[in-house]
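Work through the exercises below with the model open. Try each task before reading its solution.

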Amino acid sequence: TKAMLPDDVADGEKWEGPVKKIVSPLGSKIIIANKNVIKDIANGKVQSCDEYYPTQCDGAVNKANCQVGLIACDKKTEDCPAFFQEGADQHDDEVAG
């Protein structure tokens, strides 16, 4: 693993490995986990996952126009991944993921 490290990485410093650089862009085209769901439930912002469903889009299917559930849209490109379905319920997202 030492051969894969850049020269300027210090002990304990975070870095993105070569595999992640290759796989992440492809993975985000397929599915993106909505990490806000668990945060919102833990912080009491919502009572259950039911408040995220059904997913809805007001216009084109993208981050700006869609209310998402367990499957989120890309923050950088604003595109929704292949497994995102407008009108999905929690079961649909669970099966897709």
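Predicted model: local features only at pLDDT ≥ 70, side-chain atom pairs only at ≥ 80, totals over all residues.

Residues are numbered from 1 along each chain as its sequence is written, and side-chain values use heavy atoms, with hydrogens and water left out.

**Exercise 1. Fold**

Task: State the pattern of helices and strands along the sequence.

Solution. 
- Step one: list the elements. The protein has three helices and two strands. Helices (H or I, at least four residues) and strands (E, at least two) are DSSP runs, numbered from the N terminus.
- The pattern reads α-α-β-β-α.
- Step three: check burial. Of the 97 residues, 26% count as buried. Buried means under 20% relative accessible area, exposed over 50%, and partly exposed in between (1.4 Å probe, protein chains only).

**Exercise 2. Backbone**

Task: Find the cis peptide bond and place its proline.

Solution. 
- Step one: read omega. The bond from Tyr53 to Pro54 is cis, with omega near -5 degrees.
- Step two: locate Pro54. This proline sits in the loop between helix 2 and strand 1 (56-57).
- Step three: look across the chain. Asp89 is 35 residues from Pro54 in sequence, yet their C-alpha atoms are 4.9 Å apart. Asp89 belongs to the loop between strand 2 and helix 3. Asp89 is partly exposed because its relative accessibility is 36%.

Solution. 
- Step one: read the angle. Phi of Glu78 is near 70 degrees, a positive value in a residue other than glycine.
- The loop between strand 2 and helix 3 holds Glu78.
- Step three: classify Glu78. Its relative accessible area is 35%, so Glu78 is partly exposed.

**Exercise 3. The surroundings of Phe83**

Task: Which residues make the nonpolar surface patch of about 330 Å²?

Solution. 
- Step one: name the members. They are Leu26, Ile30, Ile31 and Phe83.
- Step two: apply the rule. Like charges are joined within 9 Å, nonpolar side chains (Val, Leu, Ile, Met, Phe, Trp, Tyr) within 5 Å. Accessible areas come from the Shrake-Rupley method with a 1.4 Å probe; for residues, only the protein chains shown count as cover.
- Phe83 lies in the loop between strand 2 (66-67) and helix 3 (90-96). Phe83 counts as partly exposed because its relative accessibility is 36%.

Task: How far is Phe83 from Lys29 and from Val95, C-alpha to C-alpha?

Solution. 
- Step one: take Lys29, in helix 1. Lys29 and Phe83 are 54 residues apart along the chain, with C-alpha atoms separated by 8.6 Å. Lys29 is partly exposed, at 49% relative accessible area.
- Step two: take Val95, in helix 3. Val95 and Phe83 are 12 residues apart along the chain, and their C-alpha atoms are separated by 9.7 Å. Val95 has a relative accessible area of 59%, so Val95 is exposed.

**Exercise 4. The largest pocket**

Task: What is the volume of the largest pocket, and which residues are closest to its centre?

Solution. - Step one: give the volume, about 780 Å³. A pocket, on a 1 Å grid over the protein atoms alone, is an open set of points where a 1.4 Å probe fits, with protein on both sides within 12 Å along at least five of seven lines; lining residues have an atom within 4 Å of a point.
- Step two: find the centre. Of 24 lining residues, Ile32, Ala33, Cys73, Asp74 and Lys75 are the closest to it.

Conventions: Patch = residues over 30% accessible without salt bridge, like charges linked within 9 Å, V, L, I, M, F, W, Y side chains within 5 Å. Salt bridge = Lys/Arg side-chain N within 4 Å of Asp/Glu carboxyl O. Points joined across faces, edges and corners; volume = space filled by probe spheres on them.
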